Amino acid sequence: MTQSSYFFCGIGGSGMAPLAMIMRARGETVQGSDRALDQARVASRFAFLEGLGIQLFPQDGSGVVSADQILVASAAVEDTVPDMVAARGVGARVLRRAELLSDLFNGADQRIGVAGTSGKSTITAMLSWILDRAGLDPTVINGADMLNYVTPATPFAAARVGAPGLFVAEVDESDGTIALYEPTVAIVSNISLDHKSMDELRVLFGDFVAKSKVAVLNLDNGESAALAERAGGQAVTFSLTSDQADLSATDVIQRPDGIDFAARGRDGQSWAVRLRTPGLHNVANALAALLAARALGVDMAAATATLADYRGVRRRLEVTGSAGGVTVIDDFAHNPDKIAATLRTLRAFEGRLLIMFQPHGFGPIRLMRRELAEAFKSGLAGEDILLMPEPVYYGGTTDRSVGSADLAADLRGLGVQAEALADRAACGDRLIDLARPGDRIIVMGARDDTLSVFARELLERLT
């Protein structure tokens, strides 16, 4: 990383923006483009990036003009995108996002990689807050905004710029780039079907864990429990149910606005934890973060006390607001595990669920069609209603032969009230027509920053 100018293609994305912020904070020249900028979507995000001194261009190749630039692109950016064409034309080096991030990560003395199908962003944010409050000054890159760091001056906070020697990163298995990271502490929250086959996932996560000195693994998930067995003394484990884990949860009390529990060590010592974020899945996330912090020498009493001030991450059961007796909730759930966890948390309390689920792509809905149907079938009650527009599609060569109408038909066959509508606007109209006092409207999906805007618009219409 000796060249002076980085151009991020898709700079507004949840993975790209925080990396661009870190590079800019390190004194690098940072520029970028984004299709959402060209379409005048999420303008506040781009205004924030410009305020950091990042120059923005249309995504038409006009910003890539020199061989001295390094073009940074996510794995989803196809070679036909004008910025990529321009980079080839001028001889600029092209780096995938994961290559740049792994270079930064692997260069740190202490490297904590947070992986798994679900819970990565929350664990990363919890661990960041614990390490920060302990005075360890971590550099952190997350896939979602960490609400503890969101302020009026910093409305987008998926990165924390700290000391270069301690790096915490959410790492992604969906495109196989998890293989680039060399963690000293590897966290695997769970492993289940998402973007790749189970056989591929076992290899990716197994290799990731094998490179670490300490592996924080979940005994409640069969796949990660199998990793723990293979890892032997390298593994430290957590569980909601097993007293064989190094850290387990007891005395759990669920609240609508959070959850209380005791974190119990294998030696019988325990620490009270009070979370402001609800759901049993957040207990598991907290246990993982606590074990990782302990591996770095943080006192457990201090770490558990810090979690009382943990505020969560954006779009993880985030309450947009209430109007007319109806609560609108914005949630990132998009794969079967995340959907099941969200519904399990919501169903612990009364109120009909009206869900607008926007699938995060045609490929995922084709791969996980049966598992998605099972997650909704298991998590929804008879009076709940599920609405779906077509999956997210930003162009390209994706196979679009299986869509929301197919999943809705599967669900109706299972007895679920499910409807596939023409677009998101139609879903919004239907939600407003259906809503009555006591209902909860959940806007659910990933890979689309405008879902939060949609949730706010629903709240305004209810008001």
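Author: Welcome! In this predicted model, a pocket is an open set of grid points with protein on both sides within 12 Å along at least five of seven lines, and its lining residues have an atom within 4 Å of a point.

Reader: Thanks! Which element gives the largest share of the lining of the second largest pocket?

Author: Lining residues of the second largest pocket include M21, R24, A25, F48, L52 and Y149. The elements giving two or more residues to this lining are α1 (16-25) and β8 (159-160). With 3 residues, the largest share comes from α1.

Reader: How many residues of that lining are nonpolar, in the second largest pocket?

Author: The space in the second largest pocket is about 170 Å³. Its lining has 2 charged residues and 1 polar one, and the nonpolar residues number 8.

Reader: Let's turn to the sheet of 5 strands. Which strands stand at its edges, each with a single partner strand?

Author: This open sheet has parallel pairing and the order β3-β2-β1-β4-β5. Each edge strand has a single partner, so one side of it is left without a neighbour in the sheet; these strands are β3 (55-57) and β5 (93-96).

Reader: Which helix lies across β1, β4 and β5 at about 75° to β5?

Author: Helix α4 (residues 82-90) touches β1, β2 (29-33), β4 and β5, and its direction makes about 150° with that of β4. The helix running at about 75° to β5, residues 97-106, is α5.

Reader: There is also an open sheet of 10 strands. What is the bridge partner of L247 in β14?

Author: The order of this sheet is β8-β7-β9-β6-β10-β11-β12-β13-β14-β15, with mixed pairing. Within it, β13 (residues 247-255) and β14 (residues 258-265) pair in the antiparallel sense over 7 bridges. In β14, L247 has as its bridge partner G265.

Reader: How far apart are the closest N and O atoms of R202 and D199?

Author: Side chains of opposite charge can pair when their charged atoms come close. R202 and D199 both lie in helix α7 (residues 198-210), 3 residues apart, which is about one turn of the helix. A salt bridge needs a side-chain nitrogen of Lys or Arg within 4 Å of a carboxyl oxygen of Asp or Glu. R202 and D199 form one, with their closest N and O atoms apart by 2.9 Å.

Technical notes. Residues numbered from 1 in each chain as written. Predicted model: local features only at pLDDT ≥ 70, side-chain atom pairs only at ≥ 80, totals over all residues. Heavy atoms only, no water. Pairing = 2+ DSSP bridges. Helix = DSSP H or I, 4+ residues; strand = E, 2+ residues; numbered from the N terminus. Contact = heavy atoms within 4.5 Å. Axes fitted to C-alpha atoms, helices over the stretch in contact; angles between N-to-C directions. 1 Å grid on protein atoms, 1.4 Å probe; cavity = no way out; pocket = protein on both sides within 12 Å on 5 of 7 lines; lining within 4 Å. Points joined across faces, edges and corners; volume = space filled by probe spheres on them. Nonpolar A, V, L, I, M, F, W, Y, C, P; charged D, E, K, R; others polar.
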